[in-house]
Amino acid sequence: MNKINNSLFKFIKRKKINIAPTTHINSMQLFWKRFFTKKINIFSLILFLIILVIILIGLLFIKNSSIKPLSDSWYTNDLPSMYNKIIKRSFEKGEQLNFIRRMAEISKQNANLNGTKPIFEILYDSAFDSGGNLTTTTDIVTLYYNPYDLIKAINLYTDQKIHFNDLILGSNSRGIDIYSRIFISIAISLTIIITSIFINIFIGFSLGALFALNSHKWYAKIIDSISTIINSLPEIIWIFILCIFMGTKWWSILIIFSLISWTSFYEISKNEILELNKSDFIIALKSIGLNKFQISYYHLFKRVLPSHLILLTEKLNNGILIISSLVFLEFINESNNINIGVILKEAINSMQTNSLYLVVTSIIIIWFTISLKLFSNSLANTYNPKI
């Protein structure tokens with residue numbers, strides 16, 4: 001009889017399996033994880049954060065008022081940038097021209113006595129430097145000089161004192177600091193527009209969900225009729241009409257945008273929720289005991305949000321256009337009512353004397369708009385990769 005090999009009946013040894021502990025990732029963490037997997041999303045976020053930081057830092061360095069002149073004197077009007085202080089200015093023969101020449105002469109005399117360089121000097125005088133005595137009889141005289149040095153001479157050699165902080169971009173025709181006007185105007189305008197957009201998103205989604213989930217109710221028809229009436233005219237026309245009656249203060253513009261600009265978000269919310277209403281999605285939510293409020297704000301809002309984010313940039317651009325139009329069409333003509341339109345109009349008018357005004361304003365507005373467009377598209381694509 002053959003001997004049985006006992007090794008064939010041995011039990012298999014159990015292998016130790018190291019199971020890593022599972023970590024729970026909530027929906028917000030999953031969203032940002034998906035967001036940072038694409039380089040274009042990271043680029044759009046960095047670009048948007050940079051312009052936000054620039055605006056915030058710019059606001060921190062404001063030293064002068066954005067609505068009050070630097071002084072009561074005309075010598076602080078149309079001051080150039082501190083990076084290019086020499087200006088060309090024409091004068092009629094009279095007291096102003098004589099005063100500037102007298103300051104240059106006094107400064108020259110004191111410099112000769114002290115053996116130093118003059119505090120203020122006229123670099124070019126068309127009455128003497130072009131054609132000698134032949135030009136002294138002309139009515140208009142052109143001077144090249146440094147207005148900042150002129151103010152130093154005024155403070156030193158006269159009883160008049162003109163004190164103000166350094167002007168990075170100069171001053172406008174009324175002697176107001178351009179740097180302060182740019183950053184405060186942009187900050188106020190963007191705050192008004194963005195605040196109104198978020199209010200419009202809330203109103204538009206709420207009314208859209210109310211209609212889609214209660215389309216058979218009488219109030220749903222009223223809501224849809226109001227939206228149809230508002231959409232019968234361009235948004236800009238409604239805003240112009242309401243501005244005539246409500247004024248153009250910042251709070252008036254915010255209220256007007258909130259009353260008119262919600263219809264686009266309403267139409268998107270209504271159409272998308274009506275499509276979802278045909279599926280088993282909402283039926284499943286109702287079957288677990290959720291009411292319409294919970295369905296709308298806990299579940300449907302996430303589904304509609306990507307479309308709202310894409311529309312957000314368009315509404316921002318429209319807001320800038322509308323506010324600027326209020327200024328160029330002279331609905332807003334108060335000098336103290338500062339916004340993007342006011343500084344754009346000022347910058348265009350001062351293009352010949354201070355081109356930096358328009359350049360800086362345009363760069364900030366364009367950069368902010370483009371970066372917001374890229375960022376909102378990245379958020380929308382991350383919420384819904386199919387978009």
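Modeller: What follows is a set of questions and answers about this predicted model.

Biologist: How many helices and strands does the protein have?

Modeller: There are 14 helices and 3 strands. The protein has 387 residues, and 41% of them count as buried. Its accessible surface comes to about 22,900 Å², with 62% of that belonging to carbon and sulfur atoms.

Biologist: Among contacts between residues at least 6 apart in sequence, what share joins residues at least 24 apart?

Modeller: The share is 73%.

Biologist: Let us take single residues. Why is N64 called buried?

Modeller: The relative accessible area of N64 is 12%. Buried means under 20%, so N64 is buried. N64 is found in the loop between helix 2 (39-60) and strand 1 (87-92).

Biologist: What makes the link between the side chains of N64 and D177 a polar contact?

Modeller: The two side chains are joined at 3.1 Å. The cut-off for a pair of N or O atoms is 3.5 Å, and the value of 3.1 Å falls within it.

Biologist: Which residues does N64 touch, not counting those up to four places away in sequence?

Modeller: N64 touches L70, N165, D166, L167, D177 and S180. Touching here means heavy atoms within 4.5 Å.

Biologist: Why does S189 count as buried?

Modeller: S189 has 1% relative accessibility. The limit for buried is under 20%, therefore S189 counts as buried. S189 is found in helix 6, which spans 178-213.

Biologist: What lies 2.9 Å from a polar atom of the side chain of S189?

Modeller: The backbone oxygen of S185 lies there. Leaving aside neighbours within four places in sequence, S189 is in contact with N339 and I340.

Biologist: Why is L210 called partly exposed?

Modeller: L210 has a relative accessible area of 32%.

Biologist: Why is Q160 called partly exposed?

Modeller: The value for Q160 is 34%. That lies between the limits of 20% and 50%, so Q160 is partly exposed. Q160 lies in the loop between helix 5 (147-157) and helix 6. Leaving aside neighbours within four places in sequence, Q160 is in contact with S73, I154 and N155.

Biologist: What is the phi of D78, and why mention it?

Modeller: D78 has a positive phi of about 55 degrees although it is not a glycine. Most residues other than glycine have a negative phi. D78 lies in the loop between helix 2 and strand 1, and its relative accessible area of 31% makes it partly exposed.

Biologist: Now the helices. Which residues of helix 9 are buried?

Modeller: In helix 9 (residues 250-260), they are S252, I253, L254, I256, F257, S258 and I260. Their cover includes helix 6, helix 7 (218-231), helix 8 (235-246), helix 10 (263-277) and helix 12 (292-328).

Biologist: How do helix 6 and helix 10 cross?

Modeller: Their axes come within 7 Å and cross at roughly 35 degrees, and the crossing is right-handed. Among the residues that make the contact are I197, G204 and F205 of helix 6 and F265, Y266 and K270 of helix 10. The residues of this contact divide into 12 nonpolar, 5 polar and 1 charged.

Biologist: What describes the packing of helix 13 and helix 14?

Modeller: The axes of helix 13 (residues 340-349) and helix 14 (residues 355-383) come within 8 Å and cross at roughly 145 degrees. This crossing is left-handed. The contact is made by residues including I340, I343 and E346 of helix 13 and Y357, T361 and I365 of helix 14. It divides into 8 nonpolar, 1 polar and 1 charged.

Conventions: Residues are numbered from 1 along each chain as its sequence is written. This is a predicted model: local features need pLDDT of at least 70, side-chain atom pairs count only at pLDDT 80 or more; totals for chains, interfaces and linings use all residues. Side-chain values use heavy atoms; hydrogens and water are left out. Helices (H or I, at least four residues) and strands (E, at least two) are DSSP runs, numbered from the N terminus. Buried means under 20% relative accessible area, exposed over 50%, partly exposed in between (1.4 Å probe, protein chains only). A polar contact is a pair of N or O atoms within 3.5 Å; within protein, one must be able to donate a hydrogen and the other to accept it, and residues adjacent in sequence count only if both atoms are side-chain atoms. Axes are lines fitted to C-alpha atoms, for helices over the stretch in contact, and angles run from 0 to 180 degrees between N-to-C directions. A crossing is left-handed if the near helix is turned anticlockwise from the far one by less than a right angle, and right-handed if clockwise. Ala, Val, Leu, Ile, Met, Phe, Trp, Tyr, Cys and Pro count as nonpolar, Asp, Glu, Lys and Arg as charged, and the others, Gly among them, as polar. Accessible areas come from the Shrake-Rupley method with a 1.4 Å probe; for residues, only the protein chains shown count as cover.
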